[in-house]
Amino acid sequence: MADPTVRLLGIRHLGPGSARSVLEALTEMEPDCILVEGPPEGHRVLPLLVHEQMKPPVAMLIYSPDNPGKAVYYPFAVFSPEWQALSFGLKKHIPVRFMDLPQSNWLALSEDEPETAAPDSESDTVDDPGEIGNNEQEDSETDRGANHQHADEVSEHEDDLLAHLHEHSDGEKLDALSIRRDPLSWLARAAGYSDGERWWEHLVEQRRDNREVFQAINEAMTTLRKELPEQRPDRMEPLREAHMRQTIRSAQKEDFKKIAVICGAWHVPALDEMPPAREDAATLKGLPKIKVDATWIPWTNSRLTYASGYGAGVTSPGWYHHLWTSNGLVAERWMARVARLLREEDLDASSASVIESVRLAECLAALRGRPLAGLEEMMEASKSVFCLGSDVPLRMIQHKLIVGEVLGEIPEQTPSIPLQKDIEKEQKRLRLPADAGEMVKDLDLRAENDLARSHLLHRMELLGIRWGLVEKTTGKKGTFHEVWRIRWQPEFSLLIIEAARWGKTVAEAATAFSTHKADETHSLPELTQLLDKSLWCNLPVEHIMQRVENEAAIADDITHLMGAVPPLSEIARYGNVRKTDTSAVSHIINGLVARVATGMSAACASLNDEAASAMFEHIIALNSALSLLQNDELTALWHDSLGRLANDFGIHGLVSGRACRILKDAGTISAEEAATRIGLALSRATDPGQAANWAEGFLRGSGLVLIHDEALFAVIDEWVSALSDDTFTTVLPLLRRTFSTFTRPERRQMGERLVSGPRKHRTPVPQSDFDQSRADAVLPVISKCLGLS
């Protein structure tokens, strides 16, 4: 650079090799000012970076208070070059500043573009990681001796790079945007590597002393940028680089003599040769601006990976952290961690296996001409020695060690909104920590603390913050227990900011949101679902109840009325378990069921196949809901309406068949009467398609009724046998669809029944051989086993 007061350090975001090189350069340079690529709005919260409670990974969140959905994250890990540079300056009381384009301008300019999880400032790195993460290795004489060779190697490839790019442009137009986003891949092609990750690993990450690489990489980036088309598709890049240059000029005007600039290597050529200041001032003049705030939020290793959508991520943050914190014996300590993990999962991992895996990894590195074993060699050695060739333990190592679910921590003094503080207070009060690892919580709703935990989780879910998911339970856990699978995600911080407009506490915000949602919703099923959720949250529901009554009074769609009953039945049946008053719910259910029973016949007339299938599902759901309520009056009213449907062979067979099946299972009609109705529905006078639909409605979902009811089995068998060839071909798809809903054992037993022929009746046991007193003696034991009183 022409100005000796400025030193440009082009880095790879989230690269431990770059981070170590930056620290060495700063220590040698002893700067009096440090400029870092980042949002200037973050300067207010920058002192918290060196707070003793700050533990990366963390992210700086820049958001618009008026529109929290418009926000960006700037993630940092302990091995981030930016993090190390900022820590170096703050601890030594050196002025530290961010120099990227302010997010107040950036967000204003991008209001018409889709929201992104991370700004381009974090995606313009000099690489695009591949499958295996970069390697930062222990110091060695071999590595030190190769430093100058590696640095010169980049410059030697510049001529090859030019030739390669010109050769490529003959057959294909250069894509400026793809080169800008992944310049390393283009350099790697010129150097003969398959991808940019391997090239960067070979040149930078596999050694500790790489200060000369800064100059070599800068020259390579300069060469690459010269080959780009003149018009760049990224409109933000010129603005960002103009602001960076203006920030450098501002520092120079303050008479700083040793200015260190840490930025993505791609930007170095633009900062090395500065145009006149008036040109940059003109570029930045008149930019729109919005109000933004900044804060710190915890981050996780999984959010540092490419799989999470973070453009400047790495595939192996856990491995990088190991490299950064391990001073020597990298391979030995890594394999010891692998063995410890496997032992925790009850898998064999002996000390001899650790020694053998280290030897194998080092041998693989030597065969490949590498000074030390990297992650690729570690993984191959682990798969061979520990996993015995299996990929299953290897995936666990990938998830828990190479990536690692580590959640960062931020100081209590970090700026936050009242809702965030209330959530943190509730988490401490209820002993429900926000953890990046998945936890399973079995909550007993009869216990006060567990009930409060359930209320908190449900309220946050209502606000769109899905901290946990409820798992379906059976048996003893069906009524009084909730099983939650919870995991805290970093983006919840932004969702909390969005939800803050509804209130300052979780309860207040959830209540306001449910009220607003009730006013906006005009669908009766959606309103009853909202009522159900609000009761799970233990929120006031008077307003929602009034809305349900109002909509139920004017609703004329029978399916809407039917869809509203199941959520209300859950409330009426289990509300008392959660200590909620549900007396008003029963009144609404009575009115809904009465209207459904009255209008069912008219609603089921003239249904096509699609409408009949939808009505079929509504009938099943409503019948299950009424079975849950165990209300004899409502059940009798419902069965009376189903009886009319079962006797009406003019409606769709799917509906009529299911009505008959429900009445038979409930015992409302006898087995003989059911067999008579089946015989009529499947008689030759009935259209074959209608008969097949009726059979599907009656049988779908359970073949046990055919297996245990010999009379019914005989009727179905006779009907199918009597079909002509053409008719059988016509109804075969319907029959296949019906029988596909049976389980495999059920279908097998039916096949065996057909092969063996009619079942012979067993001779009944004579009454004289039955000892009633001995049978009575067993009943108390059986009752106790079944939990009966």
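User: What should I know before reading residue numbers and values here?
Analyst: Residues are numbered from 1 along each chain as its sequence is written, and side-chain values use heavy atoms, with hydrogens and water left out. This is a predicted model, in which local features need pLDDT of at least 70 and side-chain atom pairs count only at pLDDT 80 or more, while totals for chains, interfaces and linings use all residues.

User: What is the mean pLDDT of the protein chain?
Analyst: The mean is 80, and 81% of the residues reach 70 or more. The term pLDDT denotes the predictor's confidence in each residue, from 0 to 100.

User: Which elements have the lowest and highest mean pLDDT?
Analyst: Helix 4 (residues 141–145) has the lowest, 31, and strand 2 (residues 33–36) the highest, 96. Helices (H or I, at least four residues) and strands (E, at least two) are DSSP runs, numbered from the N terminus.

User: Where is the pLDDT below 50?
Analyst: One such stretch is residues 114–174, with 168 contacts in the model beyond near neighbours in sequence. Residues 760–765 are also below 50, and that stretch has one contact beyond near neighbours in sequence. A contact means heavy atoms within 4.5 Å.

User: Turning to strand 3, how many of its residues are buried?
Analyst: Seven of the seven residues in strand 3 (residues 58–64) are buried. Buried means under 20% relative accessible area, exposed over 50%, and partly exposed in between (1.4 Å probe, protein chains only).

User: And which way do they point?
Analyst: V58, M60, I62 and S64 point one way, whereas A59, L61 and Y63 point the other way. In a regular strand the side chains alternate between the two faces of the sheet.

User: Which strands pair with strand 3?
Analyst: Strand 4 (residues 67–76) pairs with strand 3 in the antiparallel sense over seven bridges, and the two form a hairpin with two residues between them. Strand 7 (residues 293–298) also pairs with strand 3 in the antiparallel sense, over six bridges. Two strands pair if DSSP finds at least two bridges between them.

User: What stands opposite M60?
Analyst: M60 stands opposite Y74 in strand 4 and opposite W296 in strand 7.

User: Now helix 9: why is it described as largely enclosed?
Analyst: Helix 9 is largely enclosed by the rest of the structure because 10 of its 14 residues are buried. Among them are F214, I217, M221 and L224.

User: What about the largest pocket: which residues lie nearest its centre?
Analyst: P298, I410, Q420, E424 and Q427 lie nearest the centre, out of 34 lining residues. Strand 7 gives the largest share of the lining, six residues. A pocket, on a 1 Å grid over the protein atoms alone, is an open set of points where a 1.4 Å probe fits, with protein on both sides within 12 Å along at least five of seven lines; lining residues have an atom within 4 Å of a point.

User: Where is there a cis peptide bond?
Analyst: A cis peptide bond joins P56 and P57, with omega about 15 degrees. P57 lies in the loop between strand 2 and strand 3.

User: Which residues other than glycine have a positive phi?
Analyst: D255 is one of them, with a phi of about 70 degrees, and S606 has a phi near 60 degrees. Most residues other than glycine have a negative phi.

User: Are those two buried or exposed?
Analyst: D255 is partly exposed, with a relative accessible area of 49%, while S606 counts as exposed at 78% relative accessibility.
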